[in-house]
Amino acid sequence: MLNDDFTPMEFVVMVIQEFFAKDLETATQIMLKIHLDGKGVCGVYSRDVAATKVDQVLDAARRSGHPLQCVSEPVGF
């Protein structure tokens with residue numbers, strides 16, 4: 001997930017909890033990493049699952065009027 005200067009932190013935490021099944025503490029830690037580092041990892045999934053989760057996050061953000069961006073990237077070994 002990518003940081004922006006407009007999406008409320010509470011919304012980001014809620015999205016992480018809802019779509020990535022994280023508890024409040026873990027979701028808050030991920031949100032703070034996104035906020036401080038510009039991006040953060042919400043989970044590691046197969047390509048198809050990751051694409052679905054990206055679509056779900058982008059749809060939720062769009063419906064709520066937030067510019068939140070979520071991307072999937074291959075894991076480097």
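Which residues does Ala60 touch, not counting residues up to four places away in sequence? Ala60 touches Phe11 and Phe19, where contact means heavy atoms within 4.5 Å. Before going further, note that this is a predicted model, in which local features need pLDDT of at least 70 and side-chain atom pairs count only at pLDDT 80 or more, while totals for chains, interfaces and linings use all residues. Residues are numbered from 1 along each chain as its sequence is written, and side-chain values use heavy atoms, with hydrogens and water left out.

Helices (H or I, at least four residues) are DSSP runs, numbered from the N terminus. With a relative accessibility of 8%, Ala60 is classed as buried; the term means under 20% relative accessible area, whereas exposed means over 50% and partly exposed lies in between (1.4 Å probe, protein chains only).

**Helix 1 against helix 3**

Next, display both helices. Two packed helices are described by the angle between their axes and the distance between the axes. Helix 1 and helix 3 pack at an angle of about 145°, and their axes are 11 Å apart. Axes here are lines fitted to C-alpha atoms, for helices over the stretch in contact, and angles run from 0 to 180 degrees between N-to-C directions. The crossing of helix 1 and helix 3 is right-handed; that is, the near helix is turned clockwise from the far one by less than a right angle, anticlockwise being left-handed. On the helix 1 side, select Phe11, Val15, Phe19 and Phe20; they meet Lys53, Gln56, Val57, Ala60 and Ala61 in helix 3.

**Helix 1 against helix 2**

Now bring in helix 2. The axes of helix 1 and helix 2 come within 9 Å and cross at roughly 125°. This makes helix 1 oblique to helix 2, a class left over once angles under 35 degrees (roughly parallel), over 145 (roughly antiparallel) and 65 to 115 (roughly perpendicular) are set aside. Residues in the contact include Val12, Ile16 and Gln17 of helix 1 and Ala27, Ile30 and Ile34 of helix 2. The crossing of helix 1 and helix 2 is right-handed.

**The aromatic pair**

Where is the aromatic pair to be found? Select Phe20 and Tyr45, which form a tilted pair, 6.2 Å centre to centre with 40° between the planes. Rings of Phe, Tyr and Trp (its six-membered ring) pair if their centres lie within 6.5 Å; planes under 30 degrees apart count as stacked, over 60 as edge-to-face and the rest as tilted. Phe20 lies in helix 1 and Tyr45 in the loop between helix 2 and helix 3, so the pair ties together parts that are 25 residues apart in sequence. Phe20 is buried at 8% relative accessible area, while Tyr45 is partly exposed at 32%.

**A last stop**

Finally, select Ala21, in the loop between helix 1 and helix 2. Ala21 is exposed, with a relative accessible area of 71%, and has a positive phi near 55° in a residue other than glycine.

Technical notes: Helix = DSSP H or I, 4+ residues; strand = E, 2+ residues; numbered from the N terminus.
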